[in-house]
Amino acid sequence: MKNIRNFCIIAHIDHGKSTLADRLLQATNTISERDMMDQVLDDMDLEREKGITIKSHAIQINYKYKNGEDYTLNLIDTPGHVDFSYEVSRALAACEGALLLVDATQGIQAQTISNLYLAIENDLEIIPVINKIDMDGAMIEEVTDQIIELIGCKKEDILLASGRAGIGITEILEGIVERIPSPKGNPEAPLQALIFDCVFNPFRGIIVYYRIVNGSIRKNEKIKFVSTDQEYDADEVGILKLKMQQTQIVDCGNVGYLITGIKNAKEVKVGDTIISAANPAEAIQGFEEVKPMVFAGIFPVVTDDFEELRDCMEKLQLNDASLTFELETSQALGFGFRCGFLGLLHMEIIQERLEREFDQTVITTVPNVSFVAYTTRGEKINVNNPTEMPDPTQMDRIEEPFIKAQIITKPEYIGNIMTLCLGKRGILINQSYLTQTRVELIFEMPLTEIVFDFYDKLKSQTRGYASFDYHPLEYRESDIVKMDILLNSEKVDALSALIHRSRAQEFGRKLCEKLKELLPRQQFQIAIQAAIGAKIVARENISAMRKDVTAKCYGGDISRKRKLLEKQKEGKKRMRQIGNVEVPQEAFLAVLKLDD
Amino acid sequence: MAGIYIHIPFCRKACHYCNFFFSTTLQLKNEVVDAILREIELTTGRKTEPIETIYFGGGTPSLLTTEQLKKILGKLHVEFMVSESAEITLEANPDDINAFLAEDWRRMGINRLSIGIQSFYDNDLEWMNRAHNASQGLNSIELIRGAGFENFSIDLIFGAPVTSMDQWKDNVSKAVQLNIPHISSYALTVEPDTALDKMIRQKKKMNTDPDEQAKQYEYLMDAMTAAGYEHYEISSFSLPGMHSRHNSSYWKGVPYFGFGPGAHSFDGQQRKWNISSNPAYIKSINEGKIPSASELITPIKRMNEYIMTSLRTAPGIDLQFFTESFGEENLKQLQTGFKTAITNGHAILNNDQFFLTKEGKLFADGIAADLFFPE
Ligand SMILES: Nc1nc2c(ncn2[C@@H]2O[C@H](COP(=O)(O)OP(=O)(O)OP(=O)(O)O)[C@@H](O)[C@H]2O)c(=O)[nH]1
Ligand code: SF4
Ligand SMILES: [Mg+2]
């Protein structure tokens, strides 16, 4: 065990974690030249398309240290985007150390700091690495100072590297062996292994990833999960290379996988402890529950597919422990789920993964944060969904969640950022210069104002020279109203939104305009109205379609035309009927497509 | 009973809206004609069926010389049982027509012409990039009548952005005054990947206005009916007894042979398309192979096609025919879909015929799609 090192790579988004991982894998011949590609650990199609890491990814490295001794290094590459921070925090629980990368051209950014704090909370040994030193704009001196300031290390503790150019790789590998402690744990004690991730495989059932804290796990041994107390055979155990590699045993301190043939997603839970059936030990501490930031409904496009969707959501949840959901019913959309996400990117990824990995086309509804309403009778109601909002006559007050936003930028963008944040009901709390060219702004803001387009706006207002992080504060009383959308006087619950009164009118107007674009014309006029209570605040009309017939239909056109009509029919099936109006899938997310 | 379609893939000038297969280089004309003759020989299948209709379409069949046309017709008579009373149609463009040619056509047995007039206004014709002008159009009608053609059709396009309602009204009354026996009239459609489509996307041309097209179509229906024409199919109007027999066969699902590059055919089971390339067609035919792709028309597809095409015709869906062809069960399911269209005033069920009203004709596609059976 003294020759095992468990570490993860953490950093702000895009600071080069996955690229550096490539070099570590290459230098140790963990991956053959044939299998090598850029960011090889980003193996999901979505990760490759978007160029970002979404899932943490563990892989084992065999490393011969300079004195000739063999070491086992378990590396976990983590995502940098805030929406996937739960992936980072779980990876940390499987490690004793972390490489903290800082992009030499960018310096310390908001998520550098938040990920560092997470690592410190987990008692990890931090190895600071200034990365991308091959770049022209590298500011090694300045970033060195920033790091010393932030973590209080010595200058010599900071390694210099370039994942792209392969600089500093040996120093990093040696640093990992020398500076990160070996796992503690007792190999002779009864088995205790912490499940930090799972994935559903249609052929093999659920594959469980864990870190062994005490004892070891053997192929064919009988094991149990503490929370369910169910017994299983360890049909297959092994370690994680680029693919899974079977072994007879996974030892104390190591990271590995387990296959028991379980197909039911409900039987396995991330954060649970694997113990021996013959010699059961206690549970070890799992993970903090995730706290979703935004909520939205997910509904099957075709109502009959609800049960199938449930099954898929459960399987997807295995591989994304930050997804939460519960049953929701909507008049407009029928049965579905109210889901909690860590942000809008997370929501988009979930929708995409349902589509790609599970072949589920879904309708996603207007996202909102969670409010707390107090009724005149003194009841407290959590409002995760506009339909849960009490009637205004019965409402005493409503509170909305606030966050503390930390923005690091260049001084020349302070003005733009102020305008943006104040326009989003932000309150400036503090402004301080970290260095002459870097300034930190702290705002208190309503969460609801930042979950939608804040990040994009911030980027465009600062040409990308701003990083942003936030932490929840308390709930504060606020003037939140429910805005309803009516189609031909019929209220569409799935289009309702919760919004600050000062914003409602404009929001209603834009939403009506957008819906006008997204709803297909029908054989009668459609009135789109936005209303607060009984008061109509905006209105648009879609005039009746006057013709739906194509001109000619001769011999050669018949097949083509039949196919067009088949498509038209298929498209209709995917629309939802609200009163007499047919509403296509994308209209339910109109709110995310509002322009200025 | 069967028909024959011959595709002549040449045009003088490319109309901007056109999505048919044609080439504006005429060099391969001889080779294509020879290959068509060869293809007719190579074709197997039920050649003993009496042929009731022959249709030369395109492209522009009037670009063929008398000799070329004669060769093809001659070959058809040798290889098929062309019925005495067969309808033999030739599509012709006004700029090709002259008295001698028209005379030749009539003599070789062509007994129906379909003239690509499109409009009696130059601004329309220019906008469409047609090869002829308005006076050539008028003149061509006189010429064919002079040659003795009483059974003929003209095409008229409405709803181009340059076609005002007044202009359209005038086009329709010209056709009526001229006592044209058959009119095929359709809305200008912006087909994907046509020159027109590109020009509209590049904002070089205005897009069509579906509401204006609907108005012009409504006017057309009223005016033609008032003038004594039968509106026997969505885009087809005729004086009594002058229906196009060939097109009607398409809508009834009658099998037909197809010859020439890009030609289509239907044998009751398969719909086939020849390759849409003149050189590739010629090469393959010369190697003794007919270069075609096909689609199997399954019973469900056949049912949907019947719904789609028959709804476009005046008598509509014939429930008795439907039951005989597709069975009671399917009929029951079909009938459950009638209600919406009937309540909307878009269709009528009468004497086992389900047919569209005038209002319904504007929504024929949606109504058909609603009645479609899932595969
Ligand atoms: N010049 C230079 N570019 C680098 C280096 N490392 C990474 N990059 C580039 O920076 C971008 C981001 O690299 P990634 O390795 O995907 O960054 P990441 O930290 O894994 O990103 P997330 O996982 O999404 O947070 C890519 O375009 C890389 O090619 C480096 O050392 N030098
Ligand atoms: S003449 Fe007919 S086939 Fe030729 S381009 Fe014009 S519309 Fe198309
Ligand atoms: Mg990455």
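Predicted model: local features only at pLDDT ≥ 70, side-chain atom pairs only at ≥ 80, totals over all residues.
Local features need pLDDT of at least 70 and side-chain atom pairs count only at pLDDT 80 or more, whereas totals for chains, interfaces and linings use all residues. Residues are numbered from 1 along each chain as its sequence is written, and chains are lettered from A and ligands numbered from 1 in the order in which they are written.

**View 1. Residues around ligand 2.** The shell consists of B:Cys11, B:Ala14, B:Cys15, B:Cys18, B:Phe20, B:Phe22, B:Gly58, B:Gly59, B:Thr60, B:Asn93 and B:Gly116 (C-beta atom, placed from the backbone, within 6 Å of the ligand). Six of these residues are nonpolar, five polar and none charged (Ala, Val, Leu, Ile, Met, Phe, Trp, Tyr, Cys and Pro count as nonpolar, Asp, Glu, Lys and Arg as charged, and the others, Gly among them, as polar).

**View 2. Packing of helices α6 and α8 of chain B.** Helix α6 (residues 165-177) packs on helix α8 (residues 210-226) at about 25 degrees, with the axes 10 Å apart (axes are lines fitted to C-alpha atoms over the stretch in contact, and angles run from 0 to 180 degrees between N-to-C directions; helices are DSSP runs of H or I, at least four residues, and strands of E, at least two, numbered from the N terminus). The two helices are therefore roughly parallel (angle under 35 degrees). B:Met165, B:Trp168, B:Lys169, B:Val172 and B:Val176 of α6(B) meet B:Lys215, B:Gln216, B:Tyr219, B:Leu220 and B:Ala223 of α8(B) (contact: C-beta atoms, placed from the backbone, within 7 Å). This contact has seven nonpolar, one polar and two charged residues.

**View 3. Contact between chain B and chain A.** Chain B contributes 34 residues and chain A 20 residues. On the chain B side, the elements that each supply at least two residues include α8 and β6 (182-187). This side has 17 nonpolar, nine polar and eight charged residues.

Terms used. Parallel < 35°, antiparallel > 145°, perpendicular 65-115°, else oblique. Contact = placed C-beta atoms within 7 Å.
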